Amino acid sequence: MTIRPSVLVTRAVFDDVLERLRAHFDVETNDRDEVYPRAELIARLAGKDGALTTGSERIDEEVLAASPRLRVVSNIAVGYNNFDMAAFDKRGVLGTNTPDVLTETTADFGFALMMSAARRMAESEHFLRRGEWTKWSLTMFAGTDVHGATLGILGMGRIGQAIARRGALGFGMPVIYHNRSRLDPSIEKALNARYVSKTELLQQADHLVLVVPYSPASHHAIGAPELGLMKPSATLTNIARGGVVDDAALARALAAGQLAAAGLDVFEGEPSVNPALLGLPNVVLTPHIASATLATRRAMAHLACDNLIAGLGCGPHAGQPPTPINPRVLSPRPD
Ligand code: DGY
């Protein structure tokens, strides 16, 4: 009798995703949908061949060393800063993520968050709900324009480009960006985008959106010195990852009027949020939902499922997962 691979699904997922996994594997699920404490995660992964994870589970050397059978860890997220890829490579474990399927949805949300901060939507809505609206006045909740303003983007990958497209084509915004590498000139032209230094980006942007992946190199890419370069009328939107922004420094800058407003979907140490941010009116706070439409979350979960099935050598694309992070571990190793 053939032994079926066994996999752990670390959080609640859609029933049809589980059905697809059960066609190939013995599947252990987490129906409570609570993040496993680390020791429990390690214990449950022992003896598993694969795992379907989310950004909430840290998979590093300690976890991989305790799970020697593990061959594939499939993240339901495009970001994979929860994976220690050096440990994956060292142990020949394949990591996969879910790019592309969430690009437009995430860009929609980034743009909405930026608009909400610029036009003071959350702040004015809270004011209305508190029953404080007694009269109309000329300057009540006057914000900053989005159309025609300079859109700054830090990190010009797929999502950054999708935001630039919205700004350039929909709102007539000149776009400036900073990235590890420059875009092809034809893409820059189509996006009305100009490559600038990080300093110029901070100084010139009216609305700065962060879409840079988190890594030790991007830790606190926006801290007190960077915030000090921004225009007092500018907004900052973070849909990248907690840790890219120094949240305490941002709270101080917002309180001091160093910049007008911020929109944050991701936080250092989330789901905890720096209390200094919670107390400020000029910041829109959302709980890491930039990719959260049902259609997109389903697409992400199914892509992660495709990756796990193919990565563990099953299904029609056995051995060829669609979106591997480290495909190098798939090729036979030289002896
Ligand atoms: C992603 O896909 O990286 C989103 O942030 C959800 O974790």
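1. A word on naming before anything else: helices (H or I, at least four residues) and strands (E, at least two) are DSSP runs, numbered from the N terminus. A cis peptide bond links Glu 270 to Pro 271, with omega about 15°.

2. Some ground rules for reading on. This is a predicted model, where local features need pLDDT of at least 70 and side-chain atom pairs count only at pLDDT 80 or more, while totals for chains, interfaces and linings use all residues. Residues are numbered from 1 along each chain as its sequence is written, and side-chain values use heavy atoms, with hydrogens and water left out.

3. Two backbone spots are worth a look. Phe 141, although not a glycine, has a positive phi of about 55°; this residue lies in the loop between H6 and strand E6 (151–154). His 220, another residue other than glycine, has a positive phi near 50°, and His 220 sits in the loop between strand E9 (207–210) and helix H10 (224–227).

4. Now the helix pairs. Helix H5 (residues 103–118) packs on helix H7 (residues 158–171) at an angle of about 55°, the axes being 8 Å apart. Axes here are lines fitted to C-alpha atoms, for helices over the stretch in contact, and angles run from 0 to 180 degrees between N-to-C directions. H5 and H7 are therefore oblique to each other; angles under 35 degrees count as roughly parallel, over 145 as roughly antiparallel, 65 to 115 as roughly perpendicular and the rest as oblique. Their crossing is right-handed, meaning that the near helix is turned clockwise from the far one by less than a right angle.

5. Contact means heavy atoms within 4.5 Å. On the H5 side the contact residues include Phe 111 and Met 115, and on the H7 side they include Ile 159, Ile 163 and Phe 171. The residues of this contact divide into seven nonpolar, three polar and five charged. For these classes, Ala, Val, Leu, Ile, Met, Phe, Trp, Tyr, Cys and Pro count as nonpolar, Asp, Glu, Lys and Arg as charged, and the others, Gly among them, as polar.

6. The axes of helix H1 (residues 15–22) and helix H13 (residues 294–311) come within 10 Å and cross at roughly 10°. H1 and H13 are therefore roughly parallel to each other. Asp 16, Val 17, Arg 20 and Leu 21 in H1 meet a set of H13 residues, among them Arg 298, His 302 and Asp 306.

7. Grid points are joined across faces, edges and corners, and a volume is the space filled by probe spheres set on the points. The count comes to one cavity of 30 Å³ or more, and the largest cavity holds about 50 Å³. H6 gives the largest share of its lining, three residues.

8. The second largest pocket holds about 190 Å³. Phe 141 from point 3 is one of its lining residues, as are His 126 and Arg 130. Eight nonpolar, one polar and two charged residues make up this lining.

Note on methods:
On a 1 Å grid over the protein atoms alone, a cavity is a set of points where a 1.4 Å probe fits but cannot get out, and a pocket is an open set with protein on both sides within 12 Å along at least five of seven lines; lining residues have an atom within 4 Å of a point.
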